[in-house]
Amino acid sequence: MEHATVAPLVADLLVVLASGLAAAAVCKRINASLLVGYLVVGAIVGGGGLRWVEGRHELEILAEMGALLLLFAVGIEFSVDQLRQLSRYFTVGGATQMLLVAGPLSGIAWLFGMPLNAAVLIGAATALSSTVLVFRALTELGQTASPHGQRAIGVLLFQDVALVPLLLVVPMLTRQGDAPSIATYVLLAAKSTLFVVGVIVVRWSIGQWIVDRLAEVRSVELVVLFSLCVLGGFGWGAYQLGLPAAVGALAAGIALSGNRLSHQIDSIVLPFRETFAAVFFVTLGMLLQPAAFIDEPLLLTGALIGALALKTAAATIALRLVGLRWKAALGMGMGLAQLGEFSFLLVGEGVAEGLISPDYFNRLLFVALGSLILTPLLLRIGLPLTEDGELEQTPRAKGREMPTVASPRAVVIGVGPIGRQIASRLETDGLEVCLVDYSPVNLYAFAQLGFRTVAGDAREPAILRKAGVGSARLVVVCVPDDVAAIQIVRGIRELTRATSILVRCRFQQSQATLKQMGANAVVSEEAEASQRLLEWCEHAALDPDGPAAM
């Protein structure tokens, strides 16, 4: 590539990354969604705003990498066991929600003059919600294991899986004239079946022969290269079969899921995913034309209100069908009313294929942005409605337990200098260790090495359950705050009486309280320091030459 071509691309990419950085900093400061920030700043620097960035084909390729890595992350977090345990919520709730949104919305769009194939795609894209946004909100509030949280996750999983057939039919929707023949559908089904069989075979082969060997080598570089080879291989395979590259990325993630390296791979890919995802959403926002709102304020405002009302109603009915009371279903349904990150991916495919015009895309982008901006408010209003005994136990549901995660043999809470040394020693001794810390930054290095990590406040029961303390052999609490340590020990003992708990505390006066709460052993920094100083004093009194290093 010549210098004259590279320099403008680098300049555009630098503007996109710097804009994404500024947007992320502001969103973190005001506790807003990063997705909203990326789209808004893209509209500001793009052709409808300051015109700092020109649309370039090379930049679009980099943006597409962000979409592929997002799908790869969805695939790698895919759990067959969780899908099986959430099967009723997944099939009944997910299918009901999507049909109740896509059907009416497609009909409305067609009545307003949109071509039928474009209307179907718009309806399907609008039916998708933000898995990232909703799951993160439920995790931060400790409600992923709650009845409404489990049902919402089941609906979101169905949407993620439904994205695959939707991506497959986009090229068919672009056909002009006669509808595709039966032979076309048969060929697509045959190719898809062959691809699915390939995913199953590769996933089994990776679990049987490759994972253990990579774990023995303990090389981050080899894991990175292997993951990229799998991602590239599935992308190439999808291309050879005439399938979208997005399907290949999702399949690569699924092939690498469900083994002891899955979490490590996800952590390694995280910086690349976040970087390219920022490029993807900022570039997407550049397509937005803010001036269009001045021309159609009533239409766009009405479309936003209508989309929120329709999606809330559809999710409410779907959640009611899987066992929530109406009040709780409405509360959680409000949290599923936004358009998701994969709505943009699906509509973007339609724009690339010429199926959706820029004007329709611009309107949908306004509606999506508005729904994402309003999501925190809707969750604040809706989630309190789920608190009052929302679960209606059916005979089938009473005996069913919520999904659980594989339990480690040891859990270390607090990843400071002491916690890091203990975790390394326990892992060296052959124990499977899970690390818990409030800061994801502290956990990142361990996640890259293959440790299981959980970011969150260990005083929350949901975080303790997610870490698997209920069936762990040993829990070591290394937080620097004695009050927090007492609350954590109390929470652990409410979950289990069998786990051995070892606690580090600062002050000697906290030892009795911690043991009363259920700690098996307590090591006090104050007591240990006093003991060491006394030993030094005794040694100095006996040695006239002064204290020596001990």
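This is a predicted model: local features need pLDDT of at least 70, side-chain atom pairs count only at pLDDT 80 or more; totals for chains, interfaces and linings use all residues.
Residues are numbered from 1 along each chain as its sequence is written, and side-chain values use heavy atoms, with hydrogens and water left out.

**Nonpolar patch**

Ile 108, Trp 110, Leu 111, Phe 112, Leu 116 and Val 120 make a nonpolar surface patch of about 690 Å². Patch residues have over 30% relative accessible area and no salt bridge, and nonpolar side chains are joined within 5 Å. Helices H5 and H6 each give two or more residues to this patch, and H5 gives the most, with 3 residues. Leu 111 lies in helix H5 and is exposed (over 50% relative accessible area), at 68%.

**Parallel sheet**

Six strands form an open sheet in the order E3-E2-E1-E4-E5-E6, with parallel pairing; two strands pair if DSSP finds at least two bridges between them. The edge strands, E3 and E6, each pair on one side only. Neighbouring strands are turned by 15° against each other on average, direction ignored. Strand E2 is joined to E3 by 4 bridges, and Asp 437 has Ala 455 in E3 as its bridge partner.

Helix H22 lies across E1, E4 and E5, and runs at about 175° to E5. Contact here means heavy atoms within 4.5 Å.

| Strand | Residues |
|---|---|
| E1 | 410-413 |
| E4 | 474-477 |
| E5 | 500-505 |

Terms used: Patches are made of residues with over 30% relative accessible area and no salt bridge: like charges are joined within 9 Å, nonpolar side chains (Val, Leu, Ile, Met, Phe, Trp, Tyr) within 5 Å. Accessible areas come from the Shrake-Rupley method with a 1.4 Å probe; for residues, only the protein chains shown count as cover. A salt bridge is a side-chain nitrogen of Lys or Arg within 4 Å of a carboxyl oxygen of Asp or Glu. Buried means under 20% relative accessible area, exposed over 50%, partly exposed in between (1.4 Å probe, protein chains only). Axes are lines fitted to C-alpha atoms, for helices over the stretch in contact, and angles run from 0 to 180 degrees between N-to-C directions.
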